[in-house]
Amino acid sequence: MSFSTFGLSDEIIRAVTERGYTNPTPIQLQAIPAVLVGCDLMAGAQTGTGKTAGFTLPILHRLSDKSVKGPSSGRPPIRALILVPTRELAAQVEESVREYGKYLKLSSMIMIGGVNINPQITRLKSRVDILVATPGRLLDHVQQKTLDLSQVEILVLDEADRMLDMGFIRDIKKILALLPKQRQNLLFSATFSDEIQSLAGGLLNKPVKIEVARRNATADNVTHIVHPVDRERKRDLLAHLITQHQWSQVLVFTRTKHGANKLAEHLVASGIPSLAIHGNKSQSARTRALAEFKTGSLQVLVATDIAARGIDISELPHVVNFELPNVPEDYVHRIGRTGRAGAEGDAVSLVCVDERKLLTDIERLIKRELSSKVIAGFEPDPRIRAEPIVNGSGGGQRPIRSGLPGLSGHGQRRGQPGSKAPAARIPMAGPVGGRAPALHRSGGRGR
Ligand code: AMP
């Protein structure tokens with residue numbers, strides 16, 4: 001089946017063809033017809049499935065199908081609002097909107113924090129048909145009365161699960177209250193927690209439900225491998241793997257900003273071009289690092305979960321979990337960066353004795369046992385005992401319990417450090433097994 005069978009306009013087909021897509025992905029096959037006829041949508045799709053085009057193409061078609069309002073007196077209306085959790089994702093979605101809509105007379109705008117608000121205020125004075133925004137900055141505009149959402153026809157909540165994880169629920173509710181009641185709603189989420197279900201219940205009107213991947217499943221074209229290693233030797237092992245296999249484009253995850261910096265420095269000292277991106281870096285530094293990584297001039301990008309969210313690099317071949325995430329779902333999000341849209345990828349996890357429970361939780365979530373391979377010269381020392389994972393430690397962090405996924409304002413950290421659990425005395429040797437209690441998220445990012 002080709003894109004032309006959807007009945008999308010010639011201008012959109014042309015842009016898609018130029019982008020090099022020949023066949024729609026499964027999410028596109030299901031989402032595009034539903035959105036075109038005006039249905040609400042509840043889509044279970046993780047990043048890498050082609051979901052962005054899945055909602056962008058039909059939105060562009062619907063908005064250009066009607067008589068497009070030109071600049072007129074007063075502020076021209078914003079007709080589609082795409083809410084996303086992070087700045088990086090906003091940039092990527094808006095870029096897609098521009099690219100797929102390049103032959104249409106629609107205009108889009110990105111509205112994110114971390115940059116001067118004044119150019120955004122100026123931009124809002126001219127026509128914006130499609131607004132791609134993160135919640136915090138959007139509400140700043142609302143407060144300054146520089147934004148009118150009263151004529152939005154289509155709302156997209158992209159990566160809704162992540163928005164809730166980041167504590168944006170109150171912001172979302174405030175934003176929903178600013179929209180007209182009559183509108184089309186599209187909700188995309190990688191996972192469907194009770195919280196998401198409840199949000200969807202209040203938001204969607206008889207939605208078409210689509211699920212392209214099994215809930216919490218991971219892409220089948222990704223090879224997962226665990227390398228057991230001592231916490232102090234992880235950095236050397238990573239440098240060894242990168243050099244040995246001549247990996248040219250590696251995305252590495254750490255749990256903390258400090259850990260990301262230290263690791264990038266270590267890799268650079270080992271002669272491997274690397275940069276860290278995280279919330280403490282300026283937006284321009286992050287954008288620059290990402291651009292260099294995308295073009296291939298930067299070999300290694302070290303990122304925290306939040307900073308990496310939504311990174312869209314097609315066919316990213318290698319993702320390394322330098323430290324396992326505190327929240328098992330983050331493993332799914334992390335490896336969503338690799339093996340995208342049919343390409344092969346591998347997800348490598350360096351796991352020390354402290355992280356045994358985290359590994360078990362991940363395996364339980366993805367319903368598969370990850371194969372494990374000790375690298376010669378990096379054999380774990382069986383005498384080393386597990387240590388608590390404390391916030392900021394390089395080898396790993398103790399998961400922080402935040403209790404129920406309650407509501408918090410944007411920018412608030414959920415589950416502050418403090419609940420130090422006793423050291424788990426589990427040697428790393430032996431097969432993976434056992435069951436550990438589910439862990440909850442810590443961390444979040446503001447506007
Ligand atoms: P997304 O899930 O929206 O982040 O998209 C993941 C990646 O798949 C992006 O790099 C897209 O450019 C790419 N992509 C989206 N749709 C298609 C398609 N129909 N064929 C090939 N690649 C696609």
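Predicted model: local features only at pLDDT ≥ 70, side-chain atom pairs only at ≥ 80, totals over all residues.
Residues are numbered from 1 along each chain as its sequence is written, and side-chain values use heavy atoms, with hydrogens and water left out. Local features need pLDDT of at least 70 and side-chain atom pairs count only at pLDDT 80 or more, whereas totals for chains, interfaces and linings use all residues.

Rings of Phe, Tyr and Trp (its six-membered ring) were paired if their centres lie within 6.5 Å, with planes under 30 degrees apart taken as stacked, over 60 as edge-to-face and the rest as tilted. This rule gives 4 aromatic pairs. The ring centres of F55 and F188 are 5.1 Å apart and the planes stand at 55°, so this pair is tilted. F55 belongs to helix α3 (residues 51-65) and F188 to strand β6 (residues 184-189), so the pair ties together parts that are 133 residues apart in sequence. Helices (H or I, at least four residues) and strands (E, at least two) are DSSP runs, numbered from the N terminus. F55 and F188 are both buried, that is, under 20% relative accessible area, where exposed means over 50% and partly exposed in between (1.4 Å probe, protein chains only). One aromatic cluster is formed by F3, F6, Y21 and Y100.

A charge is placed over a ring if NZ of Lys or CZ of Arg is within 6 Å of the ring centre and within 35 degrees of the ring normal. The charged end of R14 sits over the ring of Y103, 3.7 Å from its centre. K234 lies over the face of F322, at 5.6 Å from the ring centre.

In strand β12 (residues 318-321) is N321, which is buried with a relative accessible area of 0%. Apart from neighbours within four places in sequence, N321 is in contact (heavy atoms within 4.5 Å) with F253, Y331, R334, V348, S349 and L350. N321 and Y331 are 10 residues apart in sequence, and their C-alpha atoms are 8.3 Å apart in space.

Most residues other than glycine have a negative phi. E159 has a positive phi, near 55°, and lies in the loop between β5 (154-157) and α7 (160-165). Phi of K206 is also positive, near 40°, and K206 is placed in the loop between α9 (194-203) and β7 (208-211). E159 is buried, at 2% relative accessible area, whereas K206 counts as exposed, at 75% relative accessibility.
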